[in-house]
Amino acid sequence: MPAPQQLKDEALFRTACLVGGDWIEADDGSTISVDDPATGDEIATVPSLGPVEVRRAIEVAAVAQRDWRRVTARERARVLHRWADLLTEHRDDVGLIMGTEHGKPWEEAKGEVDYAASFLEWFAEEAGRANGDVVPTFRSDSRVIVLREPVGVAAGITPWNFPAAMIGRKVGPALAVGCAMVVKPASQTPLTALALAELGRRAGVPDGVFNVVTGKAGPIGEELTSNPSVRKLSFTGSTEVGRTLMAQCAHHIMKVSLELGGNAPFIVFDDADLDAAVEGTLVAKFRNSGQTCIAANRILVHERVVDDYVDRLTKAVSGLEVGATTDPGAKIGPLIDDAAVDKVARHVEDAVGHGAEVVLGGSANERGGRFWDPTVLVGVKADTAMSCEETFGPVAGIDTFRDDEQAVRQANETPYGLASYVYSRDIGRLWRAVEGLEYGMVGANTGFISSPVAPFGGVKESGLGREGSVHGIDEYTELKYVCLGGLDR
Ligand code: NAP
C-alpha cells in the first residue's frame, strides 16, 4: 500500500469521489476494491456510483461551466499552471499512489506525473491562443467572423495504463477553453485520479468544473453518453469499448474522440544503427512493462541483420530487473491483473506452438503473482495471436523480412493504425517507409514519440481525433460562424 502515513501529504490519498467540490460516497454505500498488482492485496475501496450520482455530477458540471467559460483565458491558464506546479511539487506522493495501484517502476511513475503536468502546462499556454477567425467577406455589407466556443460539459473515460497522463491530456484542453469535465477513471487505478482532483481543487479549479466519478463502467458510461447535457466524450481505452461508446454517442450525435488500441510495427532495415534500434526497442516495447497502446507489438527485422539485432537486444533486455514500484532498480513491474498474465502466457505459448524460439524469458517470473520475465522470441509468424492482438506485456516478438516494400505491407496488415516505428540510416528509404505506413504516428529512428507538443492519435480502428499539440483544443471547441450584415445601411 502506500499507507497514507507513507505519503508526505496524507490528504492526497482520497477514496471518495469529487463532485461539485464535495467528496461523496455512493448513495447506497457500495464500493469497488482497488488492489496492488505486486501483491494482490487490497489498497483501498472507492465508491461505486450509479447513474443517479453521475447525473448529479453532470448537472453540477453544467452549472459550473456557465461561469467557467466566462473566466478570462489568462485566468484559466493561471489555474492550470498552478495545478501543474502542484503536481510537480507532489510528484513523489502521486507517483507512489500511482505505482502502488498500477505497479509501474518508480522512475516511470514519477515520469508519468511530470508527463501529466506537461499537458496542463501546454494547454495553459494554448488557452490564450484558442483564436477564432475574421475571414475576408463574400458581401461588401457583411463581415464573416468565426468564434471558437467551448463545447460545454465534456466526459472523459480513461484507462489504467497511464492513470495520470490520460487525464491530464483531456482535462488540460477541456479546462483551457472553458469546458467542465466529468471523468471516470479505470476501476483499477482510481486513486491517482482522485489525488489529481485534490490537487486541482487546491490549484483553484472551481467547484463542479472538474469532477471524478468511480464505479461500474457500463451504467456510468450509459449515463455519460445519454445525458443531453454532456456534449462531448473523450475516451481512451480498448477498441472494443470505444466501438460501444461511439454507438451510444450516436443517439445524441455527441462529439467524440477515441484513443484506442494499437498493434505497432517496429521495422529495422539492414542499414539501421542497431544500437539505436535496440535502445528504441527498449522504450517502445518494455516501457510500462509493455503495457502501452504504442508498444512495439510486431518487430520486423531485415534477415541480414536479425542475428546481430537479437544478440544486442537480448543483452540489453537481460539487464532489465523485475520488481515492484519501490524496489530500487526495478525496470519491469507486475502486469495489471491476472487476466493480463494469462494473455501474455497465451501469446507466448501460441507463438512457440507456431515455431517461434524463446531466446530470453518466456515464462512467469520466479516472484510469481503478476510478474512476467522480460522475453525475447524470434520467428514469430504473422498469423500468431501475438502479431494480431496487443500483447500488453514485456514480450518482444521478432519476425524477419527481405525487402522494404514487403516490410511496410506486412506492417499495414492490421485493422489498427496508432503508432509505428522504422529504423534506417538512408533518408530516402526511411521517408518512403514513413509515407507508406498507415498509422497516425511514426517514430523514424526513435522509439520515443510521446510529448504534449505532438498530435497523438490513430487512424483505422485505433481512433478518431488527436490529443495534445495545438490540435488538442479542437476536440473541446465548436466553431460558431457569425455573418454580421447590414453594414452599408
Ligand atoms: P478498457 O477496458 O477499454 O477500459 C478503458 C476505460 O473504459 C476504463 O475506465 C473502463 O472502466 C471503461 N469502460 C469499460 N467498459 C465500458 C463501458 N461499457 N462503458 C463505458 N466505459 C467502459 O481498456 P483498458 O484495458 O483499461 O486499457 C487498455 C486499452 O487502452 C488498450 O487497448 C490500449 O491500447 C488502450 N489505450 C489507448 C491509448 C491511446 O491513446 N490510443 C492510451 C492508453 C491506452 P473499468 O475500468 O471500470 O472497466
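Arg169 has its place in helix 5, residues 165-177, where helices (H or I, at least four residues) are DSSP runs numbered from the N terminus. The model is predicted, so that local features need pLDDT of at least 70 and side-chain atom pairs count only at pLDDT 80 or more, while totals for chains, interfaces and linings use all residues. Residues are numbered from 1 along each chain as its sequence is written, and side-chain values use heavy atoms, with hydrogens and water left out.

**Arg169 and its surroundings**

- Arg169 is buried, with a relative accessible area of 2%, where buried means under 20%, exposed over 50% and partly exposed in between, using a 1.4 Å probe and protein chains only.
- Leaving aside neighbours within four places in sequence, Arg169 is in contact with residues including Tyr115, Phe119, Glu259 and Glu467, and contact means heavy atoms within 4.5 Å.
- From C-alpha to C-alpha, Arg169 and Thr325 are 24 Å apart in space, and in sequence they are 156 residues apart.

**Residues with positive phi**

- Most residues other than glycine have a negative phi.
- Ile253, which is not glycine, has a positive phi near 50°; Ile253 is in the loop between helix 8 (239-250) and strand 11 (255-259), strands being DSSP runs (E) of at least two residues.
- Ile253 counts as exposed, at 73% relative accessibility.
- Phe392, also not a glycine, has a positive phi of about 55°, and Phe392 is placed in the loop between helix 12 (385-388) and strand 18 (395-401).
- Phe392 is buried, with a relative accessible area of 18%.

**Glu121**

- Glu121 lies in helix 4 and is partly exposed, with a relative accessible area of 31%.
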